[in-house]
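Hi,

Here's the structure I promised to send over. Have a look at it first, and then read on for what turned up.

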Amino acid sequence: MSKILENQMKVKDAKLFINGEYTDAISGETFDTIDPSTNRKLASVANANERDVQRAIEVAQRTFESGVWSDMPVEERAKILCRMSDLVMERVEELALVETMDVGKPIKESRGFDIPRAASNLRFFAEMAKYINYEHYDQSKHMSYSKYAPAGVTSLIIPWNLPFMQMTWKASAALAAGNTVVVKPASYTPLSAVMLGEIANEAGLPPGVLNIITGPGRTVGTAMTTHPYVRRISFVGETTTGKTVMKNAASQLIPVSLELGGKSANIVFEDADLDEAVKGSIEAIFRNQGEICLAGSRLLVQEKIYDKFLENFIDNVKKIKVGNPLDEDTDMGALVSRSHLETIENYVQIGISEGAKLAIGGKRVEGLAEGNFYEPTVFYDVENKMRIAQEEIFGPVLVVIPFKTEEEAVKIANDSMYGLAGVVWTNDLRRAHRVASRVTSGLLWINCWYHRDLRTPFGGSKASGIGREGGRHSFEFYTEAKTITMKL
């Protein structure tokens with residue numbers, strides 16, 4: 001028996017988590033979640049509908065109104081969330097295994113980054129909640145001060161590419177602020193997210209504070225974004241769906257935080273450390289199979305070093321090992337689904353028809369036909385107006401665009417509907433900060449990629465989102481500010 005099949009037998013079916021208990025959907029219906037590396041069934045998952053969502057939101061509302069969590073001293077809330085963080089790390093191997101089998105990503109990424117980062121999310125927001133500043137102002141005859149009260153029931157809708165890490169990124173802040181939460185993980189990858197219920201119970205989180213619903217976005221997601229009890233919505237996903245979430249929320253005047261798509265420019269100037277830029281640029285597009293919103297999917301290279309850089313880059317792409325996600329030496333695993341694999345193939349054909357030159361890749365991996373494996377793919381001499389340079393492919397497909405001057409690089413970078421992130425590689429300090437300030441994006445890295453300080457604001461501009469989370473920005477979103485003024 002293969003290692004994958006042996007481990008598949010250990011994966012538990014997933015149920016809804018409502019009011020501190022695991023339960024079947026009211027309809028009794030289930031759906032299958034699939035291992036992307038084999039396209040075989042991994043587990044059965046409860047298929048919720050509007051009635052299940054109604055129940056979960058009503059439980060969350062009653063729990064919020066009871067004050068069992070919202071009125072709990074912040075120090076006590078922090079202890080429970082920190083205990084959850086400890087439990088995540090105690091189960092890091094189990095969580096990483098489930099994450100890898102459900103998503104298709106390499107085990108070394110799940111174990112080495114995603115799950116530990118999830119634990120850090122829980123601890124960071126738990127600790128920060130204790131030190132949120134309250135304004136206090138004195139005037140000659142009056143005193144004013146502010147309070148930040150939990151907003152209430154919070155709907156969190158999580159994407160399929162980084163399910164456990166994204167879930168804790170959102171839920172940690174909402175819970176630390178005193179809210180009750182209803183979470184919907186993506187139907188492609190629900191298994192690790194559902195396991196957070198077990199951890200919450202063991203840590204002593206009161207029943208009803210955290211609720212997890214699995215099911216299709218068209219029913220579950222719609223119900224979660226239109227219910228009048230919901231007072232905050234945080235969504236991570238594709239831009240078109242984000243617009244739908246915003247329309248739904250508008251019907252009940254629910255504040256939203258949207259982290260949406262990206263087509264980030266990764267700019268390499270002629271004075272950059274080329275070895276460092278090559279290594280960082282490869283990670284920026286091929287990590288997590290390119291299924292990451294922050295991917296540096298447009299590589300802009302200055303003409304003076306264009307040929308040399310491209311040659312070095314392709315030589316290093318050839319070293320990427322695509323294969324069984326459970327193998328320790330695998331660099332790139334399987335795409336999340338067969339349909340997504342076909343989407344990637346379609347974009348590659350579009351690129352070829354548009355006249356872009358294919359340097360490497362462009363086909364499925366030989367010998368791994370059972371799974372959704374695709375070669376790291378690089379197009380060069382791409383024009384920024386091409387569809388492959390404008391549309392989010394969300395896979396291991398890079399477009400390389402030459403530029404002459406700094407002015408042209410900034411113009412190309414900003415010629416996009418998106419504005420999520422960007423990267424600049426240069427040893428010119430003035431240029432680094434000049435370009436960083438001129439590229440329209442919510443985040444920008446200089447001589448690095450994907451490094452995140454949880455205290456800083458996170459989010460995108462233009463079609464990449466609305467709002468910011470992270471640090472105090474998360475607490476501002478998940479709370480209601482109230483000003484109280486007293487005559488002296």
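Let's start at one residue. Leaving aside its neighbours within four places in sequence, Glu259 is in contact (heavy atoms within 4.5 Å) with Gln166, Phe235, Val236, Gly237, Cys293, Phe458 and Ser464. Why that one? UniProt lists Glu259 under "active site", in an unreviewed entry; such annotations may be inferred rather than shown by experiment, and the positions are given in the numbering used here. You'll find Glu259 in strand 11, residues 256-259. With a relative accessible area of 4%, Glu259 is buried (under 20% relative accessible area, 1.4 Å probe, protein chains only).

A word on what you're looking at: this is a predicted model, where local features need pLDDT of at least 70 and side-chain atom pairs count only at pLDDT 80 or more, while totals for chains, interfaces and linings use all residues. Residues are numbered from 1 along each chain as its sequence is written, and side-chain values use heavy atoms, with hydrogens and water left out.

Now the whole chain. It has 16 helices and 22 strands, both being DSSP runs numbered from the N terminus (helices H or I, at least four residues; strands E, at least two). Of the 488 residues, 60% count as buried. Among contacts with a separation of 6 or more, 74% are between residues 24 or more positions apart. The C-alpha trace of the protein chain spans about 70 × 70 × 40 Å along its principal axes.

Cheers

Note on methods. Buried means under 20% relative accessible area, exposed over 50%, partly exposed in between (1.4 Å probe, protein chains only).
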